[in-house]
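User: I have a model open and a few things to ask about it. Can we go through it piece by piece?
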Amino acid sequence: MKRLDRLNAILTQLQSKRVVTSAEIAERFNISQRTVYRDIRALEEAGIPICAEAGTGYSLMDHFHLPPVMFTNDEASALLLGEKLIEKMSDGQVRENYRSAACKIKAILRPQEKDFLEELHAKITVFGWSDWEKNGEQLYLNEIQQALVNCKILRIRYQAKHADEALVREIEPVGLCNYGGRWHLFAWCRLRQAYRDFRLDRLEELHVSEESYQKDKHPSMNELWQQLSPMNYEPNICIVISADRKKLVSESKYYYGFLNEEESENCVRMCFFNTDFHGFASWLIASRSLARVIEPAELATLHQSAMREISEAYQTTYPHCPDHKKDSKGFDK
């Protein structure tokens, strides 16, 4: 990157946050701290009012504004991709807010960039991001973000997966995380006196209280992810699949708690953590993987029972089907 382009980019970065550290600038542009100091000095000599505070970082003086930023085609394309993903990964309120912000951004684009986005818009879409996608879905993303920044207690009514009815809880939010196609809120639950992972599509109610908690009371999101991530659980399911059928579960295995695998000759041994044995057994059958459950015994029994029911139902429905043959285990070929 030419120095003039870098100076413009640094100025844009300074406008993006209240305070930007020299380390952040150096990391973004892959330059040394000494080069950062020289670039900041060059901007100051050009008349940009930059405030510097030792140990804190750089900031622009209040009320300093520059003309609207111009975007390249690549940058405009990235904004469009963000819009497409936001449409599928958020609730109605966030979608509306993003549309409003995107409209303001597009308003400052040059004519050729607007034409470029119009042409690209109809050629990009996102399908099947998650099974809870509904236009009216309320995930409370705006409220949760406000609570995270202001360290506010949340009062929620939450329907846990295996609970008979929703429970009212008070939680101290730590951070938002999107994995497995769903939004999750990591928080300290006062009811359970432990950190918990709350799926937002299971929230029936959410209210931001006036009560606050101490800002540095909880671990960071990265630390909490290490504690709560399913990837850190001990495997409770082990299956064996022939090597030539491994591809049938390669993409979907992560949705069912995949942890690790080990290949040996013509088969693959896979380990998972998943407490929904019925759902796991149904997935194995639907995948056509012909997997064999090694453990636990409860899952092996469910899996065999489900296959037997399918076989019996097929025989009842098609009792006189020509060329109806069975293998050595009594299942249809």
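User: Which residue stands opposite His-184 in β6?
Analyst: Arg-199 in β6 stands opposite His-184. This is a predicted model, where local features need pLDDT of at least 70, side-chain atom pairs count only at pLDDT 80 or more, and totals for chains, interfaces and linings use all residues. Residues are numbered from 1 along each chain as its sequence is written, and side-chain values use heavy atoms, with hydrogens and water left out.

User: How do β5 and β6 pair?
Analyst: In the antiparallel sense, over 6 bridges. Strands count as paired if DSSP finds at least two bridges between them. Strands here are DSSP runs (E, at least two residues) and helices are H or I runs of at least four, numbered from the N terminus.

User: And which residue is opposite Leu-185 in β5?
Analyst: Leu-176. Strand β4 (residues 167–179) pairs with β5 over 8 bridges, in the antiparallel sense.

User: What is the strand order in the open sheet?
Analyst: β6-β5-β4-β3-β7, with antiparallel pairing. β6 and β7 (203–212) stand at the edges with a single partner strand each, so one side of each has no neighbour in the sheet. The twist averages 45 degrees from one strand to the next. Angles run from 0 to 180 degrees between N-to-C directions, and axes are lines fitted to C-alpha atoms, for helices over the stretch in contact.

User: Which helix packs on the sheet?
Analyst: Helix α8 (residues 221–228). It touches β4, β5 and β6, and its direction makes about 105 degrees with that of β4. Contact means heavy atoms within 4.5 Å.

User: Back to β5. Is it buried or exposed?
Analyst: Buried: 8 of the 8 residues of β5 (residues 182–189) are, so the strand is largely enclosed by the rest of the structure. Buried means under 20% relative accessible area, exposed over 50%, and partly exposed in between (1.4 Å probe, protein chains only).

User: Which β5 residues point which way?
Analyst: Arg-182, His-184, Phe-186 and Trp-188 go one way. Trp-183, Leu-185, Ala-187 and Cys-189 go the other way. In a regular strand, side chains alternate between the two faces of the sheet.

User: What about phi for Gln-193?
Analyst: Phi is near 55 degrees, a positive value in a residue other than glycine. Most residues other than glycine have a negative phi. Gln-193 sits in the hairpin of β5 and β6, which has 4 residues between the strands. Gln-193 counts as exposed, at 53% relative accessibility.

User: What is phi for Arg-288?
Analyst: Near 60 degrees, again positive in a residue other than glycine. Arg-288 lies in the loop between α9 (277–286) and β11. Its relative accessible area is 54%, so Arg-288 is exposed.

User: Where is the cis peptide bond?
Analyst: Between Glu-295 and Pro-296, with omega about 5 degrees. Pro-296 is in the loop between β11 (292–295) and α10 (297–317).

User: New topic. At what angle do α1 and α3 cross?
Analyst: Roughly 80 degrees, and the axes of α1 (residues 3–16) and α3 (residues 33–45) come within 10 Å. The two helices are therefore roughly perpendicular. Roughly perpendicular covers 65 to 115 degrees; under 35 is roughly parallel, over 145 roughly antiparallel, and the rest oblique.

User: Which α1 residues meet α3?
Analyst: Arg-3, Arg-6, Leu-7, Ile-10, Leu-11 and Leu-14. On the α3 side are Thr-35, Arg-38, Asp-39, Ile-40, Ala-42 and Leu-43. By class, that contact has 7 nonpolar, 1 polar and 4 charged residues. Ala, Val, Leu, Ile, Met, Phe, Trp, Tyr, Cys and Pro count as nonpolar, Asp, Glu, Lys and Arg as charged, and the others, Gly among them, as polar.
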